[in-house]
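Please keep the viewer open while reading.

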2 protein chains.
Amino acid sequence: MIDRYSGVPAYRQVADDIRAKINAGEYGPGDQLPSERDLVDAYGVSRPTIRDAIGLLRTDGVVIAEHGKGVFVRSAPPVIRLAMSRLSRTEREANRGAFLGDAATGGFTPTSAVRIYFEPADVRVADLLGVDPGTEVCVRDRVMSANDVPVQLSMSRLPRTLTAGTAIEQENAGSGGSYARLEEAGHRLAYFTETVGARMPTPAEASTLQLTAGTPVVTVTRIAFTTTDTPVEVNDIVMAADRFALVYKIPAD
Amino acid sequence: MIDRYSGVPAYRQVADDIRAKINAGEYGPGDQLPSERDLVDAYGVSRPTIRDAIGLLRTDGVVIAEHGKGVFVRSAPPVIRLAMSRLSRTEREANRGAFLGDAATGGFTPTSAVRIYFEPADVRVADLLGVDPGTEVCVRDRVMSANDVPVQLSMSRLPRTLTAGTAIEQENAGSGGSYARLEEAGHRLAYFTETVGARMPTPAEASTLQLTAGTPVVTVTRIAFTTTDTPVEVNDIVMAADRFALVYKIPAD
DNA sequence: GAGTGGTCTAGACCACGAA
DNA sequence: TCGTGGTCTAGACCACTCC
């Protein structure tokens with residue numbers, strides 16, 4: 001099964017062969033692969049080599065290993081599509097904050113845990129908010145869950161001059177969320193910018209989002225602007241890449 | 001240095017320790033880590049264990065190993081920010097296709113290699129384009145490079161009924177790109193949707209994009225719609241996540 | 001208890017890069 | 001030539017899952 005003289009490392013050949021079998025449907029989603037010991041016999045290499053091969057497939061997100069049970073072909077969870085409309089005033093007036101809007105669109109039961117605290121703005125946040133570094137900001141640090149599975153982290157920061165005395169500084173910001181409170185306080189929102197990227201999760205993110213190896217995170221930095229083009233909130237969002245897709249609509253003019 | 005009785009695997013403790021030193025600035029971006037043999041002595045574990053630790057940091061994109069040279073702390077390449085305006089008619093009329101518009105925004109020298117071919121639409125593409133499966137589509141399969149480094153893959157498909165006899169079926173679609181040709185042919189574009197996600201690259205993608213381990217790809221599926229809400233193009237774009245960020249503007253109403 | 005993956009060792013040899 | 005990472009072996013013992 002393994003060509004010793006091809007120049008391609010044995011563990012790569014094994015990984016490629018298993019990957020090919022998965023693509024060919026020989027192993028379907030959820031199927032169990034042969035045990036590592038069986039693969040040792042099948043390919044005629046040592047167990048560490050087999051483990052290197054499986055390690056490759058794991059970091060690529062192709063398979064998942066379960067201790068004591070076996071290695072299984074990964075089946076993709078349903079993707080939740082997040083539309084831009086989740087940020088619309090209509091949604092807010094229907095009592096939904098952004099994440100609850102997501103839930104309505106995505107069809108899952110949302111829960112969220114919030115931690116509120118205050119801190120001086122660091123250079124990046126100050127720059128994005130157009131304030132001086134050190135200005136006190138209100139931080140709403142949230143873990144959002146869909147059907148009790150944590151799927152999104154959100155760290156929202158607003159200058160405290162805007163939040164003092166409002167429900168934004170409460171754990172429950174009230175119906176329509178912080179954006180609704182901002183508008184009530186006279187800061188009418190005009191638009192948001194979202195800067196989207198992706199990277200591998202930090203260990204902390206991997207653990208709270210219960211990410212399996214080989215799952216990147218999508219990062220969104222959302223900035224809310226008022227009708228006077230003043231930034232009033234910067235929100236750093238991290239979500240599991242295998243569970244979300246973001247949909248944007250762009251005018252052609 | 002290693003606590004044998006903590007329950008935390010040795011290779012994890014080593015990885016965490018090195019990661020902490022990087023975060024603390026003890027090793028800065030571009031710095032070389034001690035050699036694996038030195039780390040063996042420093043931590044008192046075997047080389048495979050050290051290699052497991054470094055493997056973790058590699059798949060997390062924290063360090064890069066260079067054969068024969070050493071292991072280095074990764075320094076993030078400058079991120080190219082892609083704004084929505086790259087799809088505007090103004091950009092097209094300034095002779096720029098979407099990728100050339102990206103280049104103007106991102107400040108890099110763009111080149112691109114195109115392969116044109118025709119094939120029947122598969123179920124997904126047919127569905128997105130609103131045509132019957134099997135309908136012949138024109139495929140523009142491109143590898144885009146910035147300063148001669150491949151950074152983006154783009155697979156654009158249009159129903160051949162729209163492209164027959166136009167420069168879209170030529171390797172060089174002409175100034176303003178395929179979108180300009182479509183509008184000249186009377187298919188005035190109204191808007192695009194972009195569906196953004198992320199995942200680990202396939203081996204083929206990792207090799208053509210020259211991705212180091214631990215770099216995910218950002219995927220964008222762009223669909224172009226005409227003023228009659230007819231989809232005319234579906235474009236699957238794959239880009240290195242460490243080199244791009246996508247910026248979208250969302251109205252608040 | 002039997003089978004699974006998880007961790008770890010102490011070596012060996014190879015391929016690459018730089019001096 | 002020497003130091004670097006890359007690959008590979010043949011074991012060992014542990015932790016988890018299921019019967």
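Two strands pair if DSSP finds at least two bridges between them. Helices (H or I, at least four residues) and strands (E, at least two) are DSSP runs, numbered from the N terminus. This is a predicted model, in which local features need pLDDT of at least 70, side-chain atom pairs count only at pLDDT 80 or more, and totals for chains, interfaces and linings use all residues. Residues are numbered from 1 along each chain as its sequence is written, while chains are lettered from A and ligands numbered from 1 in the order in which they are written.

An open sheet of 8 strands runs in the order 4(A)-5(A)-6(A)-9(A)-8(A)-7(A)-10(B)-3(B), and its pairing is mixed. Its edge strands are strand 4 (110–120) of chain A and strand 3 (80–83) of chain B, each of which pairs on one side only. From one strand to the next, the twist averages 20°. Axes are lines fitted to C-alpha atoms, for helices over the stretch in contact, and angles run from 0 to 180 degrees between N-to-C directions.

Within this sheet, strand 6 (residues 149–159) and strand 9 (residues 231–240) of chain A pair in the antiparallel sense over 6 bridges. A:Met155 has A:Asp236 in strand 9 of chain A as its bridge partner. Helix 8 (residues 177–184) of chain A packs on the sheet. That helix touches strand 5 (136–146), strand 6, strand 7, strand 8 (217–226) and strand 9 of chain A, and its direction makes about 150° with that of strand 7 of chain A. Residues are in contact if their C-beta atoms, placed from the backbone, lie within 7 Å.

Another open sheet of 8 strands has the order 3(A)-10(A)-7(B)-8(B)-9(B)-6(B)-5(B)-4(B), with mixed pairing. Strand 3 (80–83) of chain A and strand 4 (110–120) of chain B are its edges, each pairing on one side only. Neighbouring strands of this sheet are turned by 20° against each other on average, direction ignored. Strand 6 (residues 149–159) and strand 9 (residues 231–240) of chain B run antiparallel, joined by 6 bridges. Here B:Arg157 stands opposite B:Val234 in strand 9 of chain B. Helix 8 (residues 177–184) of chain B lies across strand 5 (136–146), strand 6, strand 7, strand 8 (217–226) and strand 9 of chain B. It runs at about 150° to strand 7 of chain B.

**Chain A against chain B**

In the contact between the chains, 32 residues of chain A meet 32 residues of chain B. On the side of chain A, the elements giving two or more residues are strand 7 (189–199) and strand 10 (244–251). Strand 7 of chain A gives the largest share, 11 residues. By class, this side of chain A has 19 nonpolar, 7 polar and 6 charged residues. Ala, Val, Leu, Ile, Met, Phe, Trp, Tyr, Cys and Pro count as nonpolar, Asp, Glu, Lys and Arg as charged, and the others, Gly among them, as polar.

Strand 10 of chain A pairs with strand 7 (residues 189–199) of chain B in the antiparallel sense over 6 bridges. A:Lys249 stands opposite B:Thr193 in strand 7 of chain B.

**A helix pair in chain A**

The axes of helix 2 (residues 36–43) and helix 3 (residues 47–59) of chain A come within 9 Å and cross at roughly 105°. The two helices of chain A are therefore roughly perpendicular to each other (65 to 115 degrees). Helix 2 of chain A makes the contact through A:Glu36, A:Leu39, A:Val40 and A:Tyr43, and helix 3 of chain A through A:Arg47, A:Ile50 and A:Arg51. By class, there are 4 nonpolar, no polar and 3 charged residues in this contact.

**Around the DNA**

A residue is near a strand if its C-beta atom, placed from the backbone, lies within 6 Å of it.

| DNA strand | Residues around it | Closest residues | Largest share |
|---|---|---|---|
| DNA strand C | 21 residues | A:Ser35, B:Ala10, B:Ser46, B:Pro48, B:Gly68 | helix 3 of chain B, 3 residues |

The surface near DNA strand C divides into 8 nonpolar, 8 polar and 5 charged residues. The surface near DNA strand D has 8 nonpolar, 8 polar and 5 charged residues.

**Overall form of chain A**

Chain A holds 9 helices and 10 strands. Its radius of gyration is 23 Å, well over the 18 Å that the globule rule gives for 253 residues, so chain A is more spread out than a compact globule. The radius is taken over C-alpha atoms, and the rule is 2.2 Å times the number of residues to the power 0.38. Along the principal axes, the C-alpha atoms of chain A fill a box of roughly 70 × 45 × 35 Å.

Definitions and conventions
Angles under 35 degrees count as roughly parallel, over 145 as roughly antiparallel, 65 to 115 as roughly perpendicular and the rest as oblique. Two residues are in contact if their C-beta atoms, placed from the backbone, lie within 7 Å.
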